[in-house]
Amino acid sequence: MSTGTPLHVLFDRARGGERGALARLLSVAEAGGEDAAALDSLCAASAAPRARTIGITGAPGAGKSTLTAALLGCARRESQPVAVLAIDPSSPLTGGAILGDRVRMHHAAVDEGVFIRSLASRGQQGGLAQATSLGARVLEACGWPWILLETVGIGQVEVEISGRADLVVVVLNPGWGDEIQANKAGLMEVADIFVINKADRDGVAQTRRDIEGAIAARPGGAEIPVIETVATRGEGVEGVWAAIAARHAALEASGLLATRRRGRIAAELESAVMSALRRRVAVLLAGDAGLRERARIEAGASGIHEGARALLDAIVRD
Amino acid sequence: MTSAPKRILMAKTGLDGHWRGPTIVARALRDAGFEVIMVGMVTADEVVRAAIDEDVDLVGLNIGGHVEVAERAIAAIRAARPEVPIFCGGVVPPWAKKRLEEKGVEVFPPGSQLPEIVEAARRLTGWQAA
């Protein structure tokens, strides 16, 4: 794929089903900048049917990739095309990354009805990559009806996914934490479906009690499915797929899905403004104005806040 | 601002189960700032699909067992993404090394040093972390 191909040509080819063009567009989304912004506008104007975006999250090693691979199988048995954005962490030190999610999915990867893309988090906090949202919009514009977003293995509070997906599947394991962990804020609050994976191990009943105890007080908590799986053997995954479809339909019928999608627009707009602002600030700090303010502060002629105010004013005037 | 990291696909052709070499090479490439997409032991079709969908800038093949299997994968990658460079490691006999090099594939047989491989990745992708 030539990098010199105009964006709208690539976009048309990708919408026509050319995988290489779609792959190239996802790289454009990852690179950010002007081309990504133009791509975003193309997606917005495409009037494609809405995709169902499903977040899959949980601790490192919980079995997210294996579950995702098994869910691909479920979707394909219903002849549903399905795309995956699988995110792994970038090294904060070198920027490099090893993206290993595909290892568990390669049996599905030659199917024409499956598109898997690995993304490095590239410094983004919260378990996702900067390009996740635009990547999902590109896939949606290209007609993929199901998009699975597999997050980085996360701790308790990296719940960025809840603002980016229609619904969230949280993958836990037997012996995970205890009642106290289950009652902590964060991960437990964003789940629409719980999966206890590796359910052939000891402690399933206790983990189920902890989860059910934690969600009992949540509005609608009683409706949240808690499903046991052994994803490596495919056990229980059909139940997860059925629960995803059922929960998604219920969210849509109740109007909650529309509310969430409105919330997503607000969150993505804020995130786009913030990252544009961060870039502007970085340029400003490295330039003459930044040097001048730093020198004034160093010389005792100004305080940190006064300097910051001066730089902010420069951005607003610009 | 530096350009986005280049992406390298690491795949294994053939049926011997040694995953150690590719893993060590992948770590070295990661430490040099590359994004390394691992696909494990795969068929030629699977390598090609990953090279397309992942829009990689370089493909690394670990050759285990028959060189002919790797050659089939190389031919398939060349057909689908002719602009993407390929390099190989693993147990490659001298006669096969020559044959692969004639196809424009760089070969790193056992005993190759990690810095050589990292340097080759930088040269083949035209990219270096800042």
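Guide: A salt bridge is a side-chain nitrogen of Lys or Arg within 4 Å of a carboxyl oxygen of Asp or Glu. A:Arg102 forms one with B:Glu54, with 2.6 Å between the closest N and O atoms. The model is predicted, so local features need pLDDT of at least 70 and side-chain atom pairs pLDDT 80 or more, while totals for chains, interfaces and linings use all residues. Residues are numbered from 1 along each chain as written, chains are lettered from A and ligands numbered from 1 in written order, and side-chain values use heavy atoms, without hydrogens or water.

Between chain A and chain B there are 7 salt bridges. On the side of chain A that touches chain B, α2, β3 (97-99) and β4 each supply at least two residues (helices, H or I, of at least four residues and strands, E, of at least two are DSSP runs numbered from the N terminus). The contact (heavy atoms within 4.5 Å) takes 30 residues from chain A and 26 from chain B. A:Ile98, A:Arg102 and A:His106 supply 25% of the area that chain A buries against chain B, more than any other three residues (buried area is the accessible area, 1.4 Å probe, lost on putting two parts together, summed over both). The two chains bury about 2200 Å² between them, 50% of it on carbon and sulfur atoms.

In chain B, helix α2 (residues 44-53) is largely enclosed by the rest of the structure, because 8 of its 10 residues are buried (under 20% relative accessible area, 1.4 Å probe, protein chains only). Among them are B:Val47, B:Arg49 and B:Ile52. The buried residues of α2(B) pack against elements of both chains, including α2 (19-31) and β4 (114-120) of chain A and β1 (7-13) of chain B. After α2(B) comes B:Asp55, with a positive phi near 50°.

Technical notes. Buried < 20%, exposed > 50% of the residue type's maximum accessible area, 1.4 Å probe, protein only.
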